[in-house]
4 protein chains.
Amino acid sequence: MPFRRLGRSGLRVPLFSLGGWLTYGGTVNGDPCKEIIKTAFENGINMFDTAEVYEKGKSELEMGRVLKELGYRRSDLVISTKIYWGPRGGPNDSGLSRKHIIEGTKESLVRLQMDYVDVIFAHRPDNSVPIEETVRAFNYVIEQGWAFYWGTSEWSAREIEEAWSVANRLGLIGPIAEQCQHHMLHRERPEKEYAALYRNYGISTTTWSSLASGLLTGKYNDGIPAGSRFDKNKDFFKTTLESLTKEEGLAKIAKVKDITVIANELGVSTAALALAWVAKSPNTGTVILGATSPEQVLENLKAIEVLPKLTPEILERIEKVLGNKPEPIATFSRPALDNDARW
Amino acid sequence: MPFRRLGRSGLRVPLFSLGGWLTYGGTVNGDPCKEIIKTAFENGINMFDTAEVYEKGKSELEMGRVLKELGYRRSDLVISTKIYWGPRGGPNDSGLSRKHIIEGTKESLVRLQMDYVDVIFAHRPDNSVPIEETVRAFNYVIEQGWAFYWGTSEWSAREIEEAWSVANRLGLIGPIAEQCQHHMLHRERPEKEYAALYRNYGISTTTWSSLASGLLTGKYNDGIPAGSRFDKNKDFFKTTLESLTKEEGLAKIAKVKDITVIANELGVSTAALALAWVAKSPNTGTVILGATSPEQVLENLKAIEVLPKLTPEILERIEKVLGNKPEPIATFSRPALDNDARW
Amino acid sequence: MPFRRLGRSGLRVPLFSLGGWLTYGGTVNGDPCKEIIKTAFENGINMFDTAEVYEKGKSELEMGRVLKELGYRRSDLVISTKIYWGPRGGPNDSGLSRKHIIEGTKESLVRLQMDYVDVIFAHRPDNSVPIEETVRAFNYVIEQGWAFYWGTSEWSAREIEEAWSVANRLGLIGPIAEQCQHHMLHRERPEKEYAALYRNYGISTTTWSSLASGLLTGKYNDGIPAGSRFDKNKDFFKTTLESLTKEEGLAKIAKVKDITVIANELGVSTAALALAWVAKSPNTGTVILGATSPEQVLENLKAIEVLPKLTPEILERIEKVLGNKPEPIATFSRPALDNDARW
Amino acid sequence: MPFRRLGRSGLRVPLFSLGGWLTYGGTVNGDPCKEIIKTAFENGINMFDTAEVYEKGKSELEMGRVLKELGYRRSDLVISTKIYWGPRGGPNDSGLSRKHIIEGTKESLVRLQMDYVDVIFAHRPDNSVPIEETVRAFNYVIEQGWAFYWGTSEWSAREIEEAWSVANRLGLIGPIAEQCQHHMLHRERPEKEYAALYRNYGISTTTWSSLASGLLTGKYNDGIPAGSRFDKNKDFFKTTLESLTKEEGLAKIAKVKDITVIANELGVSTAALALAWVAKSPNTGTVILGATSPEQVLENLKAIEVLPKLTPEILERIEKVLGNKPEPIATFSRPALDNDARW
C-alpha cells in the first residue's frame, strides 16, 4: 500500500482507505462488517472513516465494536470521523457551534470506544456560525487530545481560506484536509476551485464517491441491474436515477463506456481504473473506498496495480474521453511564464 | 418556540427562556420548582438562567437537582449562570478577579451538578479589577471546558468595548451577550448605548425584567393588589413603590394603561404584548421570563402568538404611547446617506 | 443625488457615477466628452471612474484634460482608476506585481494630471502574484498619498477573503469595494458569491454593465437597430450577438420584454428601472453609468425617481419575471432561526 | 526570451540576464559597453545586474550612463544592484548596517541616475550585524520607493531562514531571491542546502558564474589559451589556476571534456549546454551572463535553443558524467511516501 502525508501534516495515510457511509451499522453489520474491516486491514488499509450522522451513530458504534474485537493496536490505525448532524434533532444538536462540536465529539468517542480519533472533519460548512468559533472549537478538541488534526468536508474555497485566515491570525491550527467528492465526472471543485488552497496551505483531499456511486464501475452501462446499489436504494438515488434517463445522464454513461474500452485494453476493471485515476492526482491524500464486502475491497485495491499503467499517454486518452478538464483559473497578466506551475 | 443565535455565536437559544431569580431556592422550591421547569421544557423552553448570588446559591442547587431528576439530556439544554457575588462574604468572594471567577465557577458547577454551563456571565462590571484579568479568567474557564461562551451583565458600552479590545489584542474570546434590563419603560441603554456593540461585535441581549417587575402586566394599573409581588416584597421594591406615587411613576402607570388599550384591541394580555415587544427587537437573543408558576409560564409564552401581530402600524402606535424612543446617536457629517443603517 | 458610504469607509459616493470605458478617449472625445462630464457634474454625479487600460491610456488623458478645463475643485470630485493592463506590452507592464502597481499608478496620475485618485482598483485578480505582494503594494500607493482607498474588480470571493486575511495579519488596509458586473441578468456573483464578504468586511460594489451592454434598455427587444452600440461594435460584442440568436439569448430578450411591461406600467423607461433595481441592492455603493452623451446621462439619472417606486410588490413581480434569484448559500444546520439574516 | 517570476514575487525576469561584474567600468567601457547592452536588450535581455563594489562604483556609473543614452523606458527594464562593499573604505562604508544599506543605496541610485532599482541584494551576509537590523533597513529602502524587492547573495540557508523569521515576526518583506554560484561543478548549495528555502519561501536563484569562470566553455580543455580571461587575469584567478594543475582540477577538466562530447552530439556549444543546464533548474530565476562582447551575448543566448533538447535522457547522461548530484536531505521516518516531493 502506498502512503502519503495528509496535507502538510506528518500524518501518513494509505492511498486507499475505507469509509463507513452505507456499510457500518447500515446495510452491513455484525460479522460481515468485521470481515470487511479485517480484509481491508490485512491488505494494507489502516485508515477508517466514519461520521456521527452515518446511520444515526450506528456506523461509529459498529466500527468501534469491530476494531475492539479485532484487537488492533490503536497507533496502527488512522481513524477519522465527521461532526455536523448529531444523531438526535435538538436545536443545538447540529452545525459547527462550539457547543455541538464539543458535545458531538465527546459522544462520537463514546460510540467509537476510543480516547481520540486521528482526524476530525467538519462534515459541511455552517454559515450560521462565525468561522472563528468553529476554528477555536476544533482547536479545543485537539488540545483536549480528542483528535490530532482537523479538516473540512465540502467547504467552498472561500470558507477554507477564511478558516486559515482565522487560524493564522490567532496562532491556531488550520484544517489539513478537505473531504470532497472527486471522480472522473466531478472535477471542477477538487481540480480548480481548490487549486489556490493546495498552493497556499498544502491541503490534501480525502475523496469520496470516487466511483460516482457505482456509475464508474461500468455496471450501469447497460441499465440498472437488479440487486445493484441503485436498484436497492431507489429512493435515496432518485435524482441520480432520473438524470440517467436524460441527456446529461446518457452522456455520462457514454463516457463510462469509452473509459471501459481503455480499461479493457489495460487489462484492468473500469472501477480500478477510475479509482487509480483519482489516486494519481497529486493533491489526493486518500481515496475512501465504499466497499460493502471483502471481495469488493480486494477488487478495489487492484487500483494500486493500475497506478504505474497511468502513463502520460493513457492520461491524455482519458482526458479526451472525459472532455471535462477544468480550465485553469484565468490569469490576465502577460507574458506567459515558464514556471507558472511552480508557485 | 422560535430560536435565535446568541450574539454571533452558533449557540441556539429559545426566544423565551426561564430565569431563576425569585423562583428557584427562593419563593418556589421543591416540587413547585420542578413543575415550572417541566412545563417550560415541554413548551419549548430549553434555556435556564441562574446566578451564584440567587438565594445565596440555593437557586443553582434547586435547578441542578430538578434538571437531574427530570433526566433531560445535557446537550438538549442551554444553561447559564452568573458570577460576581459569591454566596459567602470573604474578601475574595466577590467581583471579577481571576481568583473569584475560577473559584466561583467551580462552586457553581458543583451546586448545579454539571460539568459545564453553556454561558457564564459577569453579573456586573468590576472597576476594581483590570478588564484584562477578567477577560483572561473567563477564557480560562472556557478552555477548561467549564463553559462554552461568556457574557456580561449590566456593563456599560465602554466597558464591553474595552473587553473586546483586550480580547482582540490577546487573541482571546470576547463576550457574546449582555444580560440587561429591557422593557417598554427602560430603553436608553439597550436601544442606544449598545447600538455600536450590536454592529461591531454582534452581541445579543438576554433581557430581564421585561415586564418591569410586573408593572407591564397592567396589574398595578389601579393600585397594588393584595398578594401581588410588590405587596409581598414591600422592602425589596421600596424605591419602586415610592416612585409610583410620584409624577414619574404616575406617568408610567398612564402609559401602561394606554398599552393595555392596544393589548385589548389585539385580544392579547398586556404582559404578552410587553414581552413580545422586547422579543421583537432584532438584538434580543432571549427574553428571560421570571414566571413563578407553571400557569404563568404558559401565560407568558402567549407572547409568541403576539409576535406576528406586531405590524409596523401597531409598533408605531406603541411608540406614540411610550414617547421614549431613544434618539439615534448623532452623526455630524453631511450629507444624509441612504445606507447609514447598513454598516 | 443620494449618497452612500463606499464599503465601511467614510468615503461618500453618489449612487450613480460615470464610467469612462467606451466614452473617454474612445468613441467620445474632445468637446463631446466635456459636455458629458459637465452635464453629469451639474446633475449631482461627482464620481468618475476610468482605468489605465481604457483606450490604452487615452481615457485617463481625456478625463484629466476635461476636469482640468472645467476647473472643478479636486475635493469635490471622487476619482477612481484601475490598474492591471498597462497601455504598453512589456513583460512587467501588466498584472499586480509591486513593480506594475507602483509604476502603473504613477503613470496614471501623470495622464490624469492629478496628485491622487480617491480609489484605485485592481482591475482583475492576478493568480501569478502572491496576494500579499499586491496588498502591500496598494498600501504603499495609499501611504504615498497617491490614493485614499483601494478595491478589487472581478475577483473571486476566495481571493478577496485572502486579501483581507493578509491585510488583517499585517495590519494593512484591505479592499473596500469590488467593481463587478451586476444587472438583472447577472446576479450569482454579486448576490450570492460575495454574500459573506458583505457580512465580514462590509465591502460595497461599484457596478458596471448594469444595463447588460444595453440589452436592458429594451432597445434590442426587436432586433439590433442600425447605429446602436451592438451594431457599431459587432466585433467586440461578437459573442453576445451570437448568443442572442440562441435559446439562452432569446430567453433573455423575453425577460427584458416582460420587464418593459412593468416599466411601462410604472411610467418609466426600461433602462431607468433596470438601473434603479441595481441601485436598490443594499450592497451597491455606486452604479457606474456608461452614458455616451449628455442626453443619456439625464435619461439614466431618471433611475433616481424610480427608486421610491420599487415597492416590495414591484420587486416581487420583477423576481417572478427574472426567475434567477440566487439560492442563498446552503446552511445544513437545524433549526431554522428567525435572525439568520442579522449576522 | 522565456520569462520567469523571481521567487514568489510578481516580478518577471528574463531567463538570461546580463551582469556587470567584469564588464562595465572594468575591461569594457565607453562605446563597447553600450554595444553589449544594446545587443542584449534587442535580443530580449531586459535585466541588468550590477553592484556598488564592481569596479568601485564605475560599473553602476557606466550602466546608468549607457541606459540613459539608449533611452529605454524605465518600466521596461529590470535593474538590480548589490550593497555590501562601498567604493570607499571608511569604517561604516561596508557591511549590512542600517547606515551603510541606506547610504549605500542612495549613492548607487545617484551613480545609476535612477529613482529606484527593481531588486537590491545584500552582496554577502554580515555576521557582525543582527539580521533584524538588516531586514528592517532593506524594508526601509523598499518603503522609500528606492527598490521594489530585496534579495541575498551567498548567504547560508540558516541566514536566509533567520531573515524570513525576522520578516514574518515583524510583518516585513523578506528576501525573494538569492544570487549564488551555480554551475555543473558547483551544486551542493543551490541544489541541496537551499532546498527547504525553495519550498518554504519560494525563493529563486539569480545565478552567477554558470560557466565556472569559463571552464565550462571547454576552452580550457587543453590548457590556458593566450588572451583568455584566465590568462589576462592571472592574479585574480590564481587559486583557480593552481587547482587546475592538481587532481581535483584535472578531474573537473575531464568532466568538461565528457560534457563537450554530449554538446557536440547535440550540435550545440559546450557553453550553451552548461548555461541551459542551469536555466533548466526549476528554482533558477535568471542566469546572469558575464558576456564581455556583443558576440558573446549572442553566443550565450543560444542556450535558449538548447533548453528543449534537455530531455530526461540527456539530463541523465549529464548526471552520469558529473557524478556530483547532491544526496537529498535525509528523512529518517518510514515508510517511503509517494508524495514527499510535493510539499
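Let me start with Ile120(D). Leaving aside residues up to four places away in sequence, Ile120(D) touches Ser80(D), Thr81(D), Ile83(D), Thr105(D), Phe138(D), Val141(D), Ala147(D) and Trp150(D). Touching, or being in contact, requires that the C-beta atoms of two residues, placed from the backbone, lie within 7 Å.

A word on the source. This is a predicted model, in which local features need pLDDT of at least 70 and side-chain atom pairs count only at pLDDT 80 or more, while totals for chains, interfaces and linings use all residues. Residues are numbered from 1 along each chain as its sequence is written, and chains are lettered from A and ligands numbered from 1 in the order in which they are written.

Back to the core. Ile120(D) is among the residues with the most contacts inside the largest nonpolar core, which has 174 residues. A nonpolar core here is a set of buried Ala, Val, Leu, Ile, Met, Phe, Trp, Tyr and Cys residues joined through C-beta atoms within 7 Å. Buried means that 20 or more other C-beta atoms lie within 10 Å of the residue's own; exposed means 12 or fewer, and partly exposed is in between, again with C-beta atoms placed from the backbone. A second, separate core has 173 residues, including Val13(A), Leu109(A), Leu216(A) and Leu112(B).

Helices are DSSP runs of H or I with at least four residues, strands are runs of E with at least two, and both are numbered from the N terminus.

Now the chain pairs. Which chains share the most contacts? Of the 5 pairs of chains in contact, it is chains A and C. Each of these two chains gives 25 residues to the contact. On the chain A side, helix α5 (residues 157-170) supplies the largest share, 7 residues. That side divides into 8 nonpolar, 9 polar and 8 charged residues. For these classes, Ala, Val, Leu, Ile, Met, Phe, Trp, Tyr, Cys and Pro count as nonpolar, Asp, Glu, Lys and Arg as charged, and the others, Gly among them, as polar.

α5(A) packs on α5(C) at an angle of about 5 degrees, with the axes 8 Å apart. Axes are lines fitted to C-alpha atoms, for helices over the stretch in contact, and angles run from 0 to 180 degrees between N-to-C directions. The two helices are therefore roughly parallel; the cut-off for that is under 35 degrees, with over 145 roughly antiparallel, 65 to 115 roughly perpendicular and the rest oblique. By class, this helix contact has 2 nonpolar, 4 polar and 8 charged residues.

Next, symmetry. Chain A can be laid on chain C with an RMSD of 0.0 Å by a turn of 180 degrees and a shift of 0.0 Å along the axis, the relation of a two-fold axis. Copies are superposed by least squares on C-alpha atoms of residues with pLDDT of at least 70 in both. In chain A, the C-alpha of Arg158(A) is nearest the axis, at 2.0 Å. The same surface serves both copies, since 100% of the contact residues of chain A recur in chain C.

Finally, chains B and D: no contact joins them, and their closest C-alpha atoms lie 16 Å apart.
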